[in-house]
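Hi everyone, thanks for making time for this. I'd like to walk you through one model, a few spots at a time, so please have a look at it first.

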Amino acid sequence: MVHMNVVGDALKNIITGPAEKRDKCQVLIRSYSRVIVWFLTVMVKRRYIGEFEIIDDHRAGKIVVNVMGWLNKCGVISPRFDMQLKDLEKWQNNLLLSRQFSFVVLTTSVRIMDHEEARQKPTGSKILGFFF
């Protein structure tokens, strides 16, 4: 089976996975991608999830994520719209629940980062997803 949106499948698995339903602390993501790893790194940096471990099974790869219970919702914006720094306020108002604890994840020419970091390093970007 071909996955059309690997990042979307991984984020959906974190939210609706067995860890949230059965009060477990780990979620298994069955596909590996560098974009998923960078997205998870941003979430770890903001302390919404715990550490994660990459398992190399010589196939598609797996990621084990430690869930802390702080994550309410996360998702992917598809297609990845171009965004300038002046459009950041518009996207924040459309996507985010609150400005204090919600983040938009952007992919830039430097790396994948959240909107607060992108505001400090003014560069053009594409919107990747959000979490709160």
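When I say helix or strand, I mean DSSP runs, helices being H or I with at least four residues and strands being E with at least two, numbered from the N terminus.

Before going on, a word on the ground rules. This is a predicted model, so local features need pLDDT of at least 70 and side-chain atom pairs count only at pLDDT 80 or more, while totals for chains, interfaces and linings use all residues. Residues are numbered from 1 along each chain as its sequence is written, and side-chain values use heavy atoms, with hydrogens and water left out.

Back to H58, which has a positive phi, near 60 degrees, in a residue other than glycine. H58 is also exposed, with a relative accessible area of 75%. For that term, buried is under 20% relative accessible area, exposed is over 50%, and partly exposed is in between, with a 1.4 Å probe and protein chains only. R47 is another non-glycine with a positive phi, of about 65 degrees. You'll find R47 in the loop between α3 and β2, and R47 is exposed at 66% relative accessible area. While we're on backbone features, the peptide bond from S78 to P79 is cis, with omega near 5 degrees. P79 belongs to the loop between β4 (74-76) and β5 (82-83).

Is G61 buried or exposed? G61 is buried, with a relative accessible area of 6%. Its C-alpha is separated by 6.6 Å from that of R30, 31 residues away along the chain. Setting aside neighbours within four places in sequence, G61 has contacts with I29, R30, S31, Y32 and I55, where contact means heavy atoms within 4.5 Å.

Now the helices. The axes of α1 (residues 6-16) and α3 (residues 34-45) come within 9 Å and cross at roughly 40 degrees. Those axes are lines fitted to C-alpha atoms, for helices over the stretch in contact, and angles run from 0 to 180 degrees between N-to-C directions. The two helices are therefore oblique to each other; under 35 degrees would count as roughly parallel, over 145 as roughly antiparallel, and 65 to 115 as roughly perpendicular, with the rest oblique. Which residues make the contact? From α1 we have V6, V7, A10, L11 and I14, and from α3 there are V35, I36, F39, L40 and M43. By class, that is ten nonpolar residues, no polar and no charged ones. Here Ala, Val, Leu, Ile, Met, Phe, Trp, Tyr, Cys and Pro count as nonpolar, Asp, Glu, Lys and Arg as charged, and the others, Gly among them, as polar.

That leads us to the cores. A nonpolar core is a set of buried Ala, Val, Leu, Ile, Met, Phe, Trp, Tyr and Cys residues joined through side-chain atoms within 4.5 Å. The largest has 22 residues, of which L40, M43, L71 and F131 touch the most other members. Two or more residues each come from α1, α3, β3 (62-67), β6 (103-108) and β8 (125-131). The largest share, six residues, is from α3. Leaving out neighbours within four places, L71 is in contact with I14, I15, M43, Y48, I49, F131 and F132. A second, separate core of 13 residues includes I77, W91, L96 and I127.

S102 is in the loop between α4 (88-95) and β6, and at 1% relative accessibility S102 counts as buried. Beyond its sequence neighbours within four places, S102 has contacts including Y48, L96 and H115. H115 itself is in helix α5 (residues 115-120) and is buried at 2% relative accessible area. H115 and V104 are eleven residues apart in sequence, with 5.4 Å between their C-alpha atoms. Finally, I112 is in strand β7 (residues 112-114) and is buried, at 9%. I112 and W38 are 74 residues apart in sequence, yet 6.2 Å apart in space, C-alpha to C-alpha. Happy to take questions!
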